[in-house]
Amino acid sequence: MQDIIQFLINNADVLEKVKAGTASLVGVTGEEVKAILEVFFDRQITPKVYYWE
């Protein structure tokens, strides 16, 4: 999975095609594709910041 994520980071055009449904990721289940697309397009990562007093 890490290799696929790295590939998609380096090949944003492929990621857009997967999102549009014009390309597929061989060896990746539908649920995994859905999770990948959510991470790249739907979710915003909010870092947790803690302060010491």
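**View 1. Helix 2 against helix 3.** In this predicted model, helix 2 (residues 12–20) and helix 3 (residues 30–42) pack with their axes 11 Å apart and at an angle of about 120 degrees. Helix 2 is therefore oblique to helix 3. The crossing in which helix 2 passes helix 3 is left-handed.

**View 2. Residues joining helix 2 and helix 3.** Helix 2 contributes Leu15, Glu16, Val18 and Lys19 to the contact, and helix 3 contributes Val33, Leu37, Phe40 and Phe41. Sorted by class, the residues of this contact of helix 2 with helix 3 comprise six nonpolar and two charged, with no polar ones.

**View 3. Lys19 and the ring of Phe41.** Lys19 of helix 2 and Phe41 of helix 3 both take part in the contact between these helices. The charged end of Lys19 sits over the ring of Phe41, at 4.2 Å from the ring centre. As for pairing between aromatic rings, the structure holds zero aromatic pairs.

**View 4. Helix 1 against helix 2.** Helix 1 (residues 2–10) packs with helix 2 at an angle of about 105 degrees, and their axes lie 5 Å apart. The two helices are therefore roughly perpendicular to each other, because angles of 65 to 115 degrees are classed in this way.

**View 5. Residues joining helix 1 and helix 2.** On helix 1 the contact is made by Phe7, Leu8, Ile9 and Asn10, and on helix 2 by Ala12, Val14 and Leu15. The contact of helix 1 with helix 2 has six nonpolar residues, one polar residue and no charged residues. Leu15 of helix 2 takes part in this contact and also in the contact with helix 3.

Terms used. Residues are numbered from 1 along each chain as its sequence is written. This is a predicted model: local features need pLDDT of at least 70, side-chain atom pairs count only at pLDDT 80 or more; totals for chains, interfaces and linings use all residues. Side-chain values use heavy atoms; hydrogens and water are left out. Rings of Phe, Tyr and Trp (its six-membered ring) pair if their centres lie within 6.5 Å; planes under 30 degrees apart count as stacked, over 60 as edge-to-face and the rest as tilted. A charge sits over a ring if NZ of Lys or CZ of Arg is within 6 Å of the ring centre and within 35 degrees of the ring normal. Axes are lines fitted to C-alpha atoms, for helices over the stretch in contact, and angles run from 0 to 180 degrees between N-to-C directions. Helices (H or I, at least four residues) and strands (E, at least two) are DSSP runs, numbered from the N terminus. Angles under 35 degrees count as roughly parallel, over 145 as roughly antiparallel, 65 to 115 as roughly perpendicular and the rest as oblique. A crossing is left-handed if the near helix is turned anticlockwise from the far one by less than a right angle, and right-handed if clockwise. Contact means heavy atoms within 4.5 Å. Ala, Val, Leu, Ile, Met, Phe, Trp, Tyr, Cys and Pro count as nonpolar, Asp, Glu, Lys and Arg as charged, and the others, Gly among them, as polar.
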